[in-house]
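Colleague: I'm new to this, and I'd like to learn how to read helix packing and chain contacts. Could you walk me through an example?

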Amino acid sequence: MAVIKKKICLLGSFGVGKTSLIRRFVLNSFEESYLTTIGVNISRKRVSDSNETEYDFLIWDIEGHEKFSQAIQNYYAGSAGAILTADLTRPDSLTHLSSILTRFKTINPEASLVFCATKSDLVDVSAGVQKTYTDWAKDNKLPYFITSAKENNNVEESFIALAGLL
Amino acid sequence: MQADNTQAFQLLKEILLTEDRDKIQVLEAELETLKLSLRDKEALIATLEPAIADLLSKKISDSKSEMANALAPVMGAAIKRQISEAKETIIDALYPVIGSTIRKAVAEAMKNLAKTVNEKIDQAMSFRLFRKKVQAKISGLSAAEILLNESLPFQLHDIFYIHKETGILLAHFQPDTQSIQANEELLSGMLTAIRAFSKSAFETETERDLNVIEYDDLHIYLEDGRYAYLAVVISGIAPPEFYKHIHLLENRCHQEFTTELRGFSGDVTPFSKAPGIMSEALGFTTDASVPTTNPHFGRYVVYLLFLALISFAVYFLWPNESTPPAVTDTSTESVRFNEHKFRTYIKKFYPQLTAQLNSVQIVLHDNLIFLEGSVPSESDALSIAKAAAQVSGNTVIVDHLDYHSAIQNYVRKISVYFKKNSAVIDSAYSDLLKQLAGHLTKADFSLLTVYGFSDFTGAPDANMKISKKRAENVRRFLVANGVQADKIVTTGFGSYGTETDISSMDGLASKRCVTFEVK
């Protein structure tokens with residue numbers, strides 16, 4: 001069966017851990033130091049969904065600054081799917097994500113989406129911190145995952161879930 | 001007696017100590033002078049100056065590394081400061097060294113170039129030199145330019161065929177299969193991102209795109225297409241015709257893969273034949289230098305002379321009334337286009353396309369003919385391009401044609417009018433609706449909305465009902481004539497307004513109509 005190539009965007013506010021999520025998924029590594037992504041960085045990884053369709057993901061890690069530029073919107077074009085990310089330690093990142101989602105949907109109305117709440121290693125998940133995040137995912141009818149790139153929790157699962165939606 | 005002894009002792013002391021006391025006084029005076037000279041910097045410098053050079057010289061000679069360690073931290077800052085404070089002096093000091101180095105490097109490069117050119121001339125004596133001159137005449141370049149191009153070798157490294165929107169690599173061609181390309185997929189993605197960025201960064205009223213990226217001696221030449229673009233990596237000086245070939249290659253790929261590109265969903269299998277097309281189209285460039293030495297060149301010259309003789313005979317001896325409609329008024333030096341003959345040709349052979357001529361332009365650029373503008377469908381574009389090619393005798397490149405806005409404009413102008421209390425389509429509109437159906441079957445659109453209207457007499461419910469029926473009847477007619485049923489929706493507006501141009505009809509009749517909108 002032919003490998004299907006798909007452009008996937010990683011979306012979210014700055015510093016929520018998009019690059020760490022990709023590093024964990026593509027390279028299976030994690031770094032504590034924070035380097036902001038300027039513009040866009042592209043990675044590649046093969047993924048199989050539950051039907052064993054093989055996808056070649058071209059993952060566009062797009063800078064997450066508050067101010068939208070035309071360039072960022074141009075980067076969205078042609079995406080088959082996106083992983084939306086918000087930081088469990090920063091509820092404001094969820095607000096920003098809503099506006100990112102709106103703009104992304106305008107450009108790619110048919111794209112498949114998965115939501116990842118990141119940095120679960122920094123919060124007490126059992127205390128219900130994530131409720132706002134799960135509510136947001138439900139409101140937007142998105143499959144969601146509580147993830148940690150550091151502890152390698154639910155990272156690969158998120159991408160495989162996205163592959164299943166394509 | 002005691003007094004005498006004391007006096008004698010004093011005298012003895014005088015005799016023994018006077019000399020030492022004088023010496024001490026002199027020493028004290030000298031010490032005082034030395035102290036003063038230490039406090040006085042200028043005096044100290046004057047004192048040490050004669051010895052300092054010897055001291056440093058001795059120290060450097062005794063322990064070089066210690067001196068280096070001691071001076072290293074300040075050397076950088078000192079040089080920087082000196083350059084900033086006395087730039088001209090530094091330049092004057094360094095120029096004899098750096099200037100001669102640069103001169104030497106340039107001289108070496110020129111020597112190599114001269115050597116290569118001389119070798120080419122030596123090799124090309126007799127028939128080959130003659131051939132170069134003929135080649136120069138034909139190509140429009142001087143023989144020197146041709147030799148220079150050969151001396152600064154042009155090389156094609158890679159051609160990437162990249163989906164414009166997603167940045168996904170569709171195909172990759174490498175003439176030299178030994179070359180290594182680190183990650184072609186990421187390269188394609190990043191090139192697309194750079195294009196997207198530069199497009200937004202330098203946004204202007206006119207559509208512009210990034211055309212060339214230079215990296216050291218590599219040039220990445222970008223040839224834009226409607227759905228995909230070519231990124232061509234070259235080094236050296238490309239001959240002018242190379243860019244024409246790239247343009248034609250993009251056009252060929254577009255024509256070959258239009259269907260696959262339109263519905264592209266990530267499967268690149270259909271594009272596996274693209275490298276073969278590239279290889280075939282640019283086969284002549286895979287050697288180290290371009291223009292390459294064509295082993296059949298002499299034969300081609302004979303063919304050309306033969307063809308010229310035949311053309312001469314045909315032109316002068318063929319009877320005028322039998323002259324074919326193709327007008328070849330182009331010269332070998334530059335492409336010309338006769339607009340009047342083109343329009344006449346269209347009217348004669350493609351009368352149905354006459355109306356489309358107002359929305360297309362023929363553009364001459366770099367000795368190439370481009371067809372631009374908007375037409376409702378690709379097949380119309382190809383017919384117009386075919387006519388232009390016949391008239392000009394040259395290849396016509398279909399470029400940046402906007403099919404969608406053309407079909408939108410076309411559809412917006414159409415209205416179908418109905419008799420009172422009737423939803424039956426008048427036979428007078430059959431041809432118009434068949435023509436519309438013909439365009440829609442060829443056009444790339446997602447949805448056609450048919451709006452039905454009535455006049456304002458009668459009950460609102462009845463008006464609504466008949467307006468819906470009128471729209472539905474038109475829909476049926478279009479479907480019967482080949483338009484995809486699931487791409488048409490109908491809406492009845494009753495007597496509520498009309499969006500169509502009704503100036504040509506008076507009164508109530510102008511309200512009883514159907515109009516269209518396409519998306």
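Predicted model: local features only at pLDDT ≥ 70, side-chain atom pairs only at ≥ 80, totals over all residues.

Colleague: How do I read two packed helices, and at what angle do α1 and α5 of chain A pack?

Modeller: Two packed helices are described by the angle between their axes and the distance between the axes. Here α1 (residues 18-27) and α5 (residues 155-165) of chain A pack at about 85 degrees, with axes 9 Å apart. That makes α1(A) roughly perpendicular to α5(A) (65 to 115 degrees; under 35 is roughly parallel, over 145 roughly antiparallel, the rest oblique).

Colleague: Which residues make that contact?

Modeller: A:L21, A:R24 and A:F25 of α1(A) meet A:V155, A:E156 and A:F159 of α5(A); contact means C-beta atoms, placed from the backbone, within 7 Å.

Colleague: And in chain B, how do α11 and α12 cross?

Modeller: The axes of α11 (residues 339-349) and α12 (residues 378-392) of chain B come within 9 Å and cross at roughly 125 degrees. That makes α11(B) oblique to α12(B). Among the residues in contact are B:F342 and B:Y345 of α11(B), and B:A387 and B:V391 of α12(B).

Colleague: How many residues does each chain give to the contact between chains?

Modeller: Chain A gives 18 residues and chain B gives 19. On the chain A side, β1 (4-12), β2 (40-48) and α2 (70-76) each give two or more.

Methods
Residues numbered from 1 in each chain as written. Chains lettered and ligands numbered in written order. Axes fitted to C-alpha atoms, helices over the stretch in contact; angles between N-to-C directions. Helix = DSSP H or I, 4+ residues; strand = E, 2+ residues; numbered from the N terminus. Contact = placed C-beta atoms within 7 Å.
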